[in-house]
Amino acid sequence: MTDLVLIIGDKNLSTWSLRPWLAMTHLGIPFREENIRLDRPDSRERLKAASPSGLVPCLKDGAAVVWDSLAILEHLNDRFPDKNLWPRAPEARAHARSIAAEMHAGFSNLRTVWPMQVLRRDLRHLTSGGVARDIARIAELWTEARDRFGAREGGPFLYGDFSIADAMYAPVATRFRTYGPVELPRPAADWMETILETPAMKSWVAGAEAEVAADRR
Ligand SMILES: N[C@@H](CCC(=O)N[C@@H](CS)C(=O)NCC(=O)O)C(=O)O
């Protein structure tokens, strides 16, 4: 049995929910999932009852309640130190924290113009100036993380082993697949394929398919 309960939104749409869910699933941290479908007549009421901010994701860990995706990932890092949710080497860790924070606080053009729809593919959307700038910066960050740290560590993730940074950028990988193709430098393209091919990511997509199929019934 586990004390951890992760409350999330729709798997097709909720980028913020995907981050902790992916990290916990990929790293084998046991948890129970509770789903609140967004944009339903009772969503607001259910969200307010489930999460102090009225937003998902929200993690309940015994008496501790953590809302906000990055705060949840930091909580998991404290709670499961053996999972190494941040890279161990100080330089890599500093870089990973910075790019995770840059994602959390930024890239508003990409987030607004290219909302996550994990089940859609190849929409071939034209990129506006703001979206193109966000994409260029993200491509630079992924490439730098892989070239400076990940490739040297040996694993296929941004810093070698899976870290919070991978969880933070996973929703961007699905957006690139939905609205792209986006031309990326080789290390960035390889990382994108790595994250999309993880069993955890595939399981999230299968969950999104099941939700959408249930809606059609
Ligand atoms: N900064 C928060 C943002 C959470 C957020 O905006 N969640 C959206 C779903 S992706 C939500 O709960 N929306 C419900 C609503 O606005 O009614 C985080 O990182 O967790």
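Into which domains is the protein divided? The protein is divided into domain 1, residues 4–83, and domain 2, residues 90–199. The model shown in these views is predicted.

**Figure 1. The two domains and the side of domain 1 that touches domain 2.** The C-alpha centres of domain 1 and domain 2 are 21 Å apart. Across the boundary, 14 residues of domain 1 are in contact with 13 residues of domain 2. On the domain 1 side, the elements that give two or more residues are helix H1 (15–27) and helix H3 (69–79). H1 provides the largest share of that side, eight residues. By type, the residues of this side of domain 1 are eight nonpolar, four polar and two charged.

**Figure 2. Asn77 in helix H3.**

**Figure 1. Asn77 in helix H3.** Asn77 counts as partly exposed because 16 C-beta neighbours lie inside 10 Å of it. Leaving aside residues up to four places away in sequence, Asn77 touches Leu85, Trp86 and Ile164. Ser163 is 86 residues from Asn77 in sequence, yet their C-alpha atoms are 9.7 Å apart in space.

**Figure 2. Helix H6, residues 129–153, and its bend.** H6 has 25 residues, and at 1.5 Å a residue they should span 36 Å. The C-alpha atoms at its ends are 35 Å apart, which agrees with that figure. H6 bends by about 45° at Arg146. Just after the helix, Gly154 takes a positive phi of about 105°.

**Figure 3. The buried residues of H6 and what covers them.** Which residues of H6 are buried? They are Val131, Asp134, Ile135, Ile138, Leu141, Trp142, Thr143, Ala145, Arg146, Phe149 and Gly150.

**Figure 4. Gly130 in helix H6.** Is Gly130 buried or partly exposed? Gly130 counts as partly exposed, because it has 14 C-beta neighbours inside 10 Å. Gly130 and Ser108 are separated by 22 residues in sequence, and their C-alpha atoms are 8.7 Å apart in space.

**Figure 5. Helix H9, residues 199–216, and its buried face.** The 18 residues of H9 should span 26 Å at 1.5 Å a residue, and its end C-alpha atoms are 26 Å apart, which agrees. Met201, Trp204 and Ala208 are buried in this helix. Seen down the axis of H9, the buried residues fall within an arc of 60°, so they line one face of the helix. These buried residues pack against H1, H7 and H8. The face turned away from the buried side carries the exposed residues Pro199, Lys202, Ala206, Ala210, Ala213, Ala214 and Arg216.

Figure 6. Most peptide bonds are trans. Pro57 sits in the loop between helix H2 (43–50) and strand E3 (58–61). Pro181 sits in the loop between H7 and H8.

**Figure 7. Positive phi at Asp68 and Phe107.** Most residues other than glycine have a negative phi. Asp68 is not a glycine, but its phi is positive, about 90°. Asp68 is in the loop between strand E4 (64–67) and H3. It has 19 C-beta neighbours inside 10 Å and therefore counts as partly exposed. Phe107 is not a glycine either, and its phi is positive, about 55°. Phe107 is in the loop between H4 and H5. Because it has 21 C-beta neighbours inside 10 Å, Phe107 counts as buried. The cut-off for a buried residue is 20 or more.

Methods. Residues are numbered from 1 along each chain as its sequence is written. This is a predicted model: local features need pLDDT of at least 70, side-chain atom pairs count only at pLDDT 80 or more; totals for chains, interfaces and linings use all residues. Helices (H or I, at least four residues) and strands (E, at least two) are DSSP runs, numbered from the N terminus. The expected span of a helix is 1.5 Å times one less than its number of residues. The bend at a residue is the angle between axes fitted to the seven residues ending there and the seven starting there. A residue is buried if 20 or more other C-beta atoms lie within 10 Å of its own, exposed if 12 or fewer, and partly exposed in between; C-beta atoms are placed from the backbone. Two residues are in contact if their C-beta atoms, placed from the backbone, lie within 7 Å. Domain bounds come from an automatic or database domain assignment. Ala, Val, Leu, Ile, Met, Phe, Trp, Tyr, Cys and Pro count as nonpolar, Asp, Glu, Lys and Arg as charged, and the others, Gly among them, as polar. The arc is that of the directions from the helix axis to the C-beta atoms.
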